[in-house]
Amino acid sequence: MALLGILGVSADGESVYRAMLGAPDRGVAELADDLHWAPERVRDALDELARLSLTRRSDQRPSGLLLVDPEVGLEQLLARRQSELAQRQHEITSSKVAIRELVAEYSDTVQVGRRLDVEQLDGVDVVRVKLEELAHNCTSEVLEFITGGGQSEANREASRPLDERLLERGVSMRSVYLESVVNHPRTVSYLEWLNDLGACVRLAPALPLRMIVFDREAAIIPTDPENTASGALLLHGGAFVTALCALFEQTWQEASPFGSTPQRHSSTGLTPQMRAVLSLLAGGHTDEVVARKLGISVRTSRRITAELMTALGARSRFQAGVIAGERGWLHGT
């Protein structure tokens, strides 16, 4: 074990140094024989000892080397090391001060953003980091709309640890997913897992936007509802979050519990999903937009639209929406 390592002496340097202490007059050849080393290795170690001022050149000794008194040489090394450590400690102290200043600057920036009530989050990675922070600080309740139908593996794996930690801490979680998730077995398994942990899950035929609200104080919504990967807005308190909570409660009341079968309306015979399609048709949306909003395929969207047009005797998608509105089908009356 190199006991002099703390002073900056290598293991080879210490071995040669100790060998010289026992016989200061030995040269390179004798030291190499004693240590069973190649002469080049001994010379490298001697060069190191010379740099550390533990040996000096001597014209009077046969070996050409003079071992410096250990008390003098090692004390000098120790003093040099102490000076380096003191400088290092000064650098660490200065770094701590700089870190505190940066943290204070960051906190001020965040507080300014919060006073403005809106914070821009650019990109999926930034959004996920912010979700982790909000979930960590959440203490009572989470409300969320999950659009897009069946969830990708990346989304499920990103959500799983956050959901698990929240529910294990006793945080109330209410989630509304699209009805179309029932056709995605892996998402169904995920929702069953959430239910088993104590989350409350309901299904709706359509959702106004993707969002998640923490403790009714902060909410994250997409910057572009049609492209949730582009980024999000973080809203803090005030009227924004209050309005989103009211929207959630209304949607929650109309949604069906996960695991139940959506009921057709007694007079119209329409399922909630068919009514949602009619509402979107009345708004002039294309099959592609209808499919995206309901989390279904374009093929399924077209099939439902064709069935509704036949039932209503309509010649166009827009006319189907108008006729449905006149008959009160959009409101289930």
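Me: How do you know that strand 5 and strand 6 (residues 200-204) pair?
Reply: Five bridges join them, and they run parallel. Two strands pair if DSSP finds at least two bridges between them, so strand 5 and strand 6 meet the cut-off. Leucine 178 stands opposite alanine 204 in strand 6. Strands here are DSSP runs of E with at least two residues, helices are runs of H or I with at least four, and both are numbered from the N terminus.

Me: What kind of model is this, and how are residues numbered?
Reply: It is a predicted model: local features need pLDDT of at least 70, side-chain atom pairs count only at pLDDT 80 or more, and totals for chains, interfaces and linings use all residues. Residues are numbered from 1 along each chain as its sequence is written, and side-chain values use heavy atoms, with hydrogens and water left out.

Me: What joins strand 4 (residues 141-146) to strand 5?
Reply: Six bridges, with the strands running parallel. Leucine 143 has arginine 174 in strand 5 as its bridge partner.

Me: What makes the unit of strand 4, helix 6 (residues 153-168) and strand 5 right-handed?
Reply: The path of its β-α-β unit. A crossover is right-handed if, with the strands pointing away from the viewer, the path from the first strand over the helix to the second runs clockwise. The chain also crosses from strand 5 through helix 7 (residues 185-197) to strand 6, again in a right-handed β-α-β crossover.

Me: Why is strand 5 (residues 172-178) called mostly covered?
Reply: Six of its seven residues are buried. Buried means under 20% relative accessible area, exposed over 50%, partly exposed in between (1.4 Å probe, protein chains only).

Me: Why does arginine 275 count as partly exposed?
Reply: Its relative accessibility is 29%. That lies between the 20% and 50% limits, so arginine 275 is partly exposed. Arginine 275 sits in helix 9.

Me: What makes a set of residues a nonpolar core?
Reply: They are buried Ala, Val, Leu, Ile, Met, Phe, Trp, Tyr and Cys residues joined through side-chain atoms within 4.5 Å. The largest has 29 residues, and Val142, Tyr177, Leu191 and Leu194 touch the most other members. Helix 7 gives the largest share, five residues. A second, separate core of 20 residues includes Met274, Leu280, Ile323 and Ala324.

Me: Which residues of helix 10 (residues 287-294) are buried?
Reply: Asp287, Val289, Val290, Ala291 and Leu294. Strand 5, helix 9 (272-282), helix 11 (298-312) and helix 12 (317-327) are among what covers them.

Methods
Contact means heavy atoms within 4.5 Å.
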